[in-house]
Amino acid sequence: MTKYAPTISTFAAVMAVLGVAWPVIFNDGSALAKLLIRNYEVDTVGDADFEAAMVAELYVEQSAIPKTHSLNTTTDTTNYVSTLQSIDRAAALLCLLITLGLTFTCRRWPKLCWLYLIPAIWLLANAQAISINGGKAFAELAVPAHATRFGLLITLPLIFLKAPKYDRAISWVLRISCTLTFAIHGWEAFQLNPAFQDLLYITAGHVNIELSEWYCHGILRVIGVMDLILAIAVVTIINRRLLIWMACWGLITAASRPIAMGFDAWPECAMRLPNSVMPLLLLFHSVQINNNKTTSNSLNDKQNHITP
């Protein structure tokens, strides 16, 4: 890897974890905590009571909805939710501290970099929880859509260990992560994801452009096709211009969140920085591999000339 790769990758990792952890610590918690709370509440109510409540909700007046919860059950639920929210915030803070601390310690103690797998697992678990919770368009595709986020943290230990045996693994983790994220985002754009439409409408409004529905849909379909082509290309070939454009496009889409929604949306930008950094890391990695091959060939040529 080039000398810039570790610095860029660790910065992107800190920002990605910070972007995900910020709303968990200061707002309404993670998707994983919401999933666990929902499951606990359903289990506490019980299947019979839950079915009776739904029937009453649909066919009976509100006053007729059965209220079978005792005070103790309500108190237990409240305590469980409070405890789980505290654990959720602590886990987010721990992952953030690990990512931040490893930025300053991995160069001196490379084996510590395996700790990056802890926040990687946390990000993966939250992506899976988002797909289970649903509630918004394309939520079921959250795991592959977030591949660059946890993929970056999986790649970091391999980068810091600097062992030639990991070169192939680094290349394929970077390629597969970029392919999954760009392919899913391209599919969402082509299918006219409502969130993407809102971004276009709001951004156009900021510059006093009245964007019609026809143009909005056309732009999204073009973006979707482009993202799908990039996703296919990055897993089949290594092209410098292609990777540079992917990095620029990833940065543009990440920056579109605070541009459209204001500075308060900076976590949305921070958590998407790996979409830009992962193609850059793949570019740096391919350059280093080529340089190593050139150096090795030169040394072999010299040895052949010296040998009588």
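Visitor: Is Arg 272 buried or exposed?

Guide: Arg 272 is buried, with a relative accessible area of 14%. Buried means under 20% relative accessible area, exposed over 50%, and partly exposed in between (1.4 Å probe, protein chains only). This is a predicted model, in which local features need pLDDT of at least 70 and side-chain atom pairs count only at pLDDT 80 or more, while totals for chains, interfaces and linings use all residues. Residues are numbered from 1 along each chain as its sequence is written, and side-chain values use heavy atoms, with hydrogens and water left out.

Visitor: Which residue forms a salt bridge with Arg 272?

Guide: Glu 268 does, and the closest N and O atoms are 2.7 Å apart. A salt bridge here is a side-chain nitrogen of Lys or Arg within 4 Å of a carboxyl oxygen of Asp or Glu. Glu 268 is partly exposed, at 30% relative accessibility.

Visitor: How many salt bridges does the structure hold?

Guide: There are two. Lys 34 and Asp 28 also meet through their side chains in a salt bridge, at 3.1 Å from N to O. Of these residues, Lys 34 is partly exposed at 38%, and Asp 28 is exposed at 51%.

Visitor: Why can such side chains pair?

Guide: Side chains of opposite charge can pair when their charged atoms come close.

Visitor: Now to cysteines. How many disulfides are there?

Guide: The count is zero, a disulfide being a pair of cysteine sulfur atoms within 2.5 Å. The sulfur of Cys 106 has its closest cysteine sulfur in Cys 113, 4.8 Å away, and is therefore too far for a bond. Cys 106 is buried, with a relative accessible area of 1%.

Visitor: Let us move to Gln 197. Where is its place?

Guide: Gln 197 belongs to helix 9, residues 194–206. Helices (H or I, at least four residues) and strands (E, at least two) are DSSP runs, numbered from the N terminus. Gln 197 counts as buried, at 15% relative accessibility.

Visitor: With which side chain does the side chain of Gln 197 make a polar contact?

Guide: With that of His 217, at 3.2 Å. A polar contact is a pair of N or O atoms within 3.5 Å; within protein, one must be able to donate a hydrogen and the other to accept it, and residues adjacent in sequence count only if both atoms are side-chain atoms.
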